[in-house]
Amino acid sequence: MESVADLAARRRTFAIISHPDAGKTTLTEKFLLYGGAVQEAGQVKARGERRRARSDWMELEQKRGISITSAVLQFPYRGNVLNLLDTPGHRDFSEDTYRVLAAVDAAVMVLDAAKGIESQTLKLFEVCRARNVPLLTFINKWDRPGRDALELLDEIESRLDLQPVPVTWPVGIAGDFRGLIDRPRERFVRFGRTAHGAATATEEVLDLEQAAAEEGDAWKAAIDEVALLDEVAGGVDLDLFLAGEQSPVFVGSALTNFGVGLLLDGIVDLAPPPSPRLDVDGAARKLDDPFSGQVFKVQANMDRAHRDRVAFVRVWSGRFERGMVVTHQPTGRPFATKYAHSVFAQERETLEEAYPGDIVALVNASDVRVGDTLYVDTPVEYPRLPEFAPEHFVTARARDTGRFKQFRRGIAQLDDEGVVQVLRDPDLGDQAPVLAAVGPMQLEVASWRLEHEFGAAAELTPTPYTIARRTDEASAPELARMPGVRVLARASGTLYALFESPYWLARVEDEYPELTLERLVAEGTQG
Ligand code: G4P
């Protein structure tokens, strides 16, 4: 039997980060096609639609035509197991997206060849950098007119302070795409179009001489660029890539399948397999130690018929077997995993076992919160996930005071799931908590769920606050006395000081350097 370490070495757990419309969904679908997980393009969306017809808390999702929930997809490729954690694809932004990035070992940044780096790309990139997630870059939509490839590399370098190193290089300008030079293997891969991109692209491999003879001027231009790249960038340096200083770049077109196989090869060859995770004391939990994992996402009522609560766990060590009784670290209580699932495009399949890098979906996880550690045998506790900087704050009150109990339960649940951060004034408690969010859509979801799921419609009133800092007990009284500042507490006890404007915050920081005002992760990257 293969050892856990061997099985882990064959896994790649990653996410795709991109600005809406860059092609994330299309690329995901093509990945599944290459992995043989779906037979025909279009199935990913079709599955989504079927699911939407079934689960109605997603009325909101349907109305807006967006996907709020993230899926976890697992598919085989070249004898490896790829776990793709989908980040929510809407224009708004939530903590959910950030948390997914806490559970991956690498990410693929997809850029639209005509647009380059856009606001959402930048925000997500900042999170990857803060968490040391190595990034591969895919320049998509090369089948249609776009910007010059060298210019796009310059933009990556100057705006992200990240050295792009092309692994594949296009022959033919954007819009006249002939194929790709596969730099490490010194060969040319020519593409043939397929009907509606329904099957994997036909690929013809030519050696460099053949390619020169057959591709004429386009080839000459490409080979000159490659010579220049050889001089400037050289090849991929694995250490620099893993340190987040370099990004291997792939070019292609998800729609026509061009370059998708080479990108998958790049993920398998370059992206790191799961590695031992450090616990709160900085000690590494070895891959073949007993099972351990961390919850990075909790979702309630994915299926209305079941009224359940699903915890998504990233496995960090050991073999997980369905039915195993694991320990819930924060409470020390046993947790039976009879109902463990893998999640394929939101459709559940019973999961029998999982290894480091895999994601397990646990149903009926009522006391499990985001960030919690689960283990068997030797205890372990992983560091909590970082709290992200909210920029939208509203006060919530139950519309009908007779429904206060339901309101209170709903608020606690939404806080647990991380739909919003709930901040309380010690004097007001749950009467008028402040709901804080990274993006405004989170507030919309919270309001909808309070009304439809908990039967406690809420009145949300805007507050003047726009920025938060973490503070402590010692600084809180002084801050609370200042005009334009409010100090509130999270359920965890963490204190936040809210400010009306960055200007006001800067002034307070300037005049009271002794007060604790810590930045939260990924702040000020909102574009
Ligand atoms: P997203 O998940 O990142 O938001 O992007 P998505 O894949 O939905 O793609 C956004 C649009 O870009 C889609 O067009 C899609 O077909 C198109 N697209 C994706 N990859 C490529 C590519 O390589 N080349 C070209 N030319 N287009 C690409 P749409 O018109 O909005 O949707 P649809 O009607 O085609 O589904």
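I worked on a predicted model, in which local features need pLDDT of at least 70, side-chain atom pairs count only at pLDDT 80 or more, and totals for chains, interfaces and linings use all residues. Residues are numbered from 1 along each chain as its sequence is written, and side-chain values use heavy atoms, with hydrogens and water left out.

**Entry 1**

I looked up the pairing of strand β4 (residues 106-112) with strand β5 (residues 135-140), which is parallel over 6 bridges. Strands are DSSP runs of E with at least two residues, helices are runs of H or I with at least four, and both are numbered from the N terminus. Two strands pair if DSSP finds at least two bridges between them. Helix α6 (residues 119-130) packs on the sheet and touches β1 (11-18), β4 and β5. I noted an angle of about 145° between the directions of α6 and β1. Contact means heavy atoms within 4.5 Å; axes are lines fitted to C-alpha atoms, for helices over the stretch in contact, with angles from 0 to 180 degrees between N-to-C directions. The open sheet has the order β2-β3-β1-β4-β5-β11-β6 with mixed pairing. Its edge strands, β2 (72-77) and β6 (163-166), each pair on one side only.

**Entry 2: the sheet of 3 strands**

I found a second open sheet, ordered β28-β30-β29 and paired antiparallel. β28 (467-471) and β29 (485-489) are at the edges with a single partner strand each, so one side of each has no neighbour in the sheet. The twist averages 30° from one strand to the next. I traced 5 bridges between β28 and the antiparallel strand β30 (residues 495-499); Ile467 stands opposite Phe499 in β30.

**Entry 3: the second largest pocket**

I recorded a volume of about 560 Å³ for the second largest pocket. A pocket is an open set of points on a 1 Å grid over the protein atoms alone, where a 1.4 Å probe fits, with protein on both sides within 12 Å along at least five of seven lines; lining residues have an atom within 4 Å of a point. The 21 lining residues include Val104, Arg131, Asn132, Arg277 and Trp316, which lie nearest its centre.

Key: Points joined across faces, edges and corners; volume = space filled by probe spheres on them.
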